[in-house]
Amino acid sequence: MPAAKVSKTNAARILEGLGIPYELHTADVDENDLSAVTMAHNLGVDPACVFKTLVARGDKTGVLMACIPAAAELDLKALAAASGNKHVEMVPLKDVRPLTGYMRGGCSPLGAKKAYPVFVDENAILLETIFVSAGQRGVQLRLKPDDLLCAVEGQYAPVARI
């Protein structure tokens with residue numbers, strides 16, 4: 001359900017600046033369970049349409065982001081292949097905020113400290129709209145997958161194990 005009054009996040013401002021339509025949604029956050037599946041349940045939507053943003057590092061390209069369905073796992077080998085790396089590993093949690101400006105449970109593919117390459121799992125193509133973090137815990141952006149791809153200058157790739 002849409003929020004009555006939510007202050008805009010940097011991610012939302014970026015979409016507005018690009019003229020990309022979106023909706024802001026809010027949901028309760030359990031600090032002990034910041035999973036995207038729980039966020040989907042709190043939003044009252046199918047977890048398949050809520051995409052979590054994970055931060056990884058490739059041996060050739062450096063930091064990159066992957067957006068995958070809430071219940072999926074990141075396929076590091078597939079992400080390496082899609083991004084032109086031989087090897088990709090998850091960035092340690094302690095490094096996510098210094099690299100992106102975002103904390104766990106509120107990492108958005110939009111508006112990070114630097115414009116990192118973004119890979120959106122190809123399952124997003126099957127959905128009319130998806131949810132991604134707006135950059136704050138409990139605040140989600142709902143938009144068309146192609147619009148997200150355009151906003152982050154990203155690409156679709158088979159990077160999730162469902």
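Q: Which backbone atom does the side chain of asparagine 85 reach, and at what distance?
A: The backbone nitrogen of lysine 60, at 2.7 Å. Keep in mind that this is a predicted model.

Q: Where does asparagine 85 lie?
A: In the loop between H3 and E5.

Q: And is asparagine 85 buried or exposed?
A: Buried: its relative accessible area is 8%, and the cut-off for buried is under 20%.

Q: What is asparagine 85 in contact with, leaving aside neighbours within four places in sequence?
A: Gly58, Asp59, Lys60, Thr61, Leu64 and Ala80. So Lys60 turns up in that contact list, and its backbone nitrogen is the atom that the asparagine 85 side chain reaches, with contact meaning heavy atoms within 4.5 Å.

Q: OK, on to the sheet. What's the strand order?
A: E5-E2-E3-E6-E9, an open sheet of five strands with mixed pairing. Strands E5 (88–90) and E9 (155–157) are the edges, each pairing on one side only. From one strand to the next, the twist averages 35°.

Q: Which helix packs on the sheet?
A: Helix H3, residues 76–83. H3 touches E2 (51–58), E3, E5, E6 and E9, and its direction makes about 125° with that of E5.

Q: How many bridges join E3 to E6?
A: Three, between E3 (residues 62–69) and E6 (residues 118–121), and the two strands run parallel. As for partners, alanine 66 is bridged to phenylalanine 119 in E6.

Q: Switching to H2: which of its residues are buried?
A: In H2 (residues 36–43) they are Ala36, Thr38, Met39, Ala40 and Leu43.

Q: What covers those buried residues of H2?
A: The cover includes strands E1 (23–26), E2, E7 (130–136) and E8 (139–143).

Q: And what happens just after H2?
A: Glycine 44 sits there, with a positive phi of about 75°.

Conventions:
Residues are numbered from 1 along each chain as its sequence is written. This is a predicted model: local features need pLDDT of at least 70, side-chain atom pairs count only at pLDDT 80 or more; totals for chains, interfaces and linings use all residues. Side-chain values use heavy atoms; hydrogens and water are left out. Two strands pair if DSSP finds at least two bridges between them. Helices (H or I, at least four residues) and strands (E, at least two) are DSSP runs, numbered from the N terminus. Axes are lines fitted to C-alpha atoms, for helices over the stretch in contact, and angles run from 0 to 180 degrees between N-to-C directions. Buried means under 20% relative accessible area, exposed over 50%, partly exposed in between (1.4 Å probe, protein chains only). A polar contact is a pair of N or O atoms within 3.5 Å; within protein, one must be able to donate a hydrogen and the other to accept it, and residues adjacent in sequence count only if both atoms are side-chain atoms.
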